[in-house]
Amino acid sequence: MWTGIKQAFSENDGTVSSARLLTALCTLASLVWISYIVYHTCALPDAVTLGGTTAFSVAHYAANKLTGGPKNN
């Protein structure tokens, strides 16, 4: 189980991917935030809020993949 989790947060060469870790952390924060909103308002937030949290969650990973990520010399 731990091997699978380690592979999910690693690049192809085995190094830890900070972009994937940040994406997981931001996704968790977004889930907590949306759950808090739903709990206190008893309603789902609008689509703009959900889309914004999705963009917030995946921005680190997308930027890393679009730029090619950090290069080790």
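At 71% relative accessibility, Cys-42 counts as exposed, because the threshold for that class is over 50%. The structure described here is a predicted model, and the values that follow are computed from it. Cys-42 is placed in the loop between helix 2 and helix 3. Although Cys-42 is not a glycine, its phi is positive, about 55 degrees. This residue follows helix 2.

**Helix 2**

Helix 2 covers residues 18-41 and holds 24 residues.

Which residues of helix 2 are buried? They are Ala-19, Arg-20, Thr-23, Cys-26, Ser-30, Ile-34 and Ile-37. An α-helix has 3.6 residues a turn, so residues three or four places apart point the same way. The buried residues of helix 2 pack against helix 1 (2-8) and helix 3 (47-67).

Cys-26 is situated in helix 2. With a relative accessibility of 10%, Cys-26 counts as buried, because the limit for that class is under 20%. Beyond its neighbours within four places in sequence, Cys-26 is in contact with Phe-56, Ser-57 and His-60. Leu-28 also lies in helix 2. Its relative accessibility is 52%, and Leu-28 therefore counts as exposed, the cut-off being over 50%.

**Separation in sequence and in space**

| Pair | Separation in sequence | C-alpha to C-alpha distance |
|---|---|---|
| Cys-26 and His-60 | 34 residues | 9.2 Å |
| Leu-28 and Ser-57 | 29 residues | 8.6 Å |
| Met-1 and Ala-59 | 58 residues | 27 Å |

For Cys-26 and His-60, the 9.2 Å between the C-alpha atoms accompanies a contact between these two residues.

**Helix 3**

Helix 3 has 21 residues and should span 30 Å at 1.5 Å a residue; its end C-alpha atoms are 29 Å apart, which agrees. Where does helix 3 bend? The bend is at Val-58 and amounts to about 50 degrees.

Thr-53, Ser-57 and Asn-64 are buried in helix 3. The buried residues of this helix pack against helix 2. Ser-57 is also one of the residues in contact with Cys-26. After helix 3 comes Gly-68, whose phi is positive, near 90 degrees.

Which residues form a nonpolar patch on the surface? Met-1, Trp-2 and Ile-5 do so, and together they have about 420 Å² of accessible area. Met-1 is found in the segment before helix 1, whereas Trp-2 has its place in helix 1.

Met-1 has a relative accessible area of 76% and is therefore exposed, the cut-off being over 50%. Trp-2, with a relative accessible area of 66%, is exposed by that criterion of over 50%.

**Summary**

In this predicted model, the buried residues of helix 2 pack against helix 1 and helix 3, and those of helix 3 pack against helix 2. Exposed residues include Cys-42 in the loop between helix 2 and helix 3, Leu-28 in helix 2, and Met-1 in the segment before helix 1.

Definitions and conventions
Residues are numbered from 1 along each chain as its sequence is written. This is a predicted model: local features need pLDDT of at least 70, side-chain atom pairs count only at pLDDT 80 or more; totals for chains, interfaces and linings use all residues. Side-chain values use heavy atoms; hydrogens and water are left out. Helices (H or I, at least four residues) and strands (E, at least two) are DSSP runs, numbered from the N terminus. The expected span of a helix is 1.5 Å times one less than its number of residues. Buried means under 20% relative accessible area, exposed over 50%, partly exposed in between (1.4 Å probe, protein chains only). Contact means heavy atoms within 4.5 Å. Patches are made of residues with over 30% relative accessible area and no salt bridge: like charges are joined within 9 Å, nonpolar side chains (Val, Leu, Ile, Met, Phe, Trp, Tyr) within 5 Å. Accessible areas come from the Shrake-Rupley method with a 1.4 Å probe; for residues, only the protein chains shown count as cover. A salt bridge is a side-chain nitrogen of Lys or Arg within 4 Å of a carboxyl oxygen of Asp or Glu. The bend at a residue is the angle between axes fitted to the seven residues ending there and the seven starting there.
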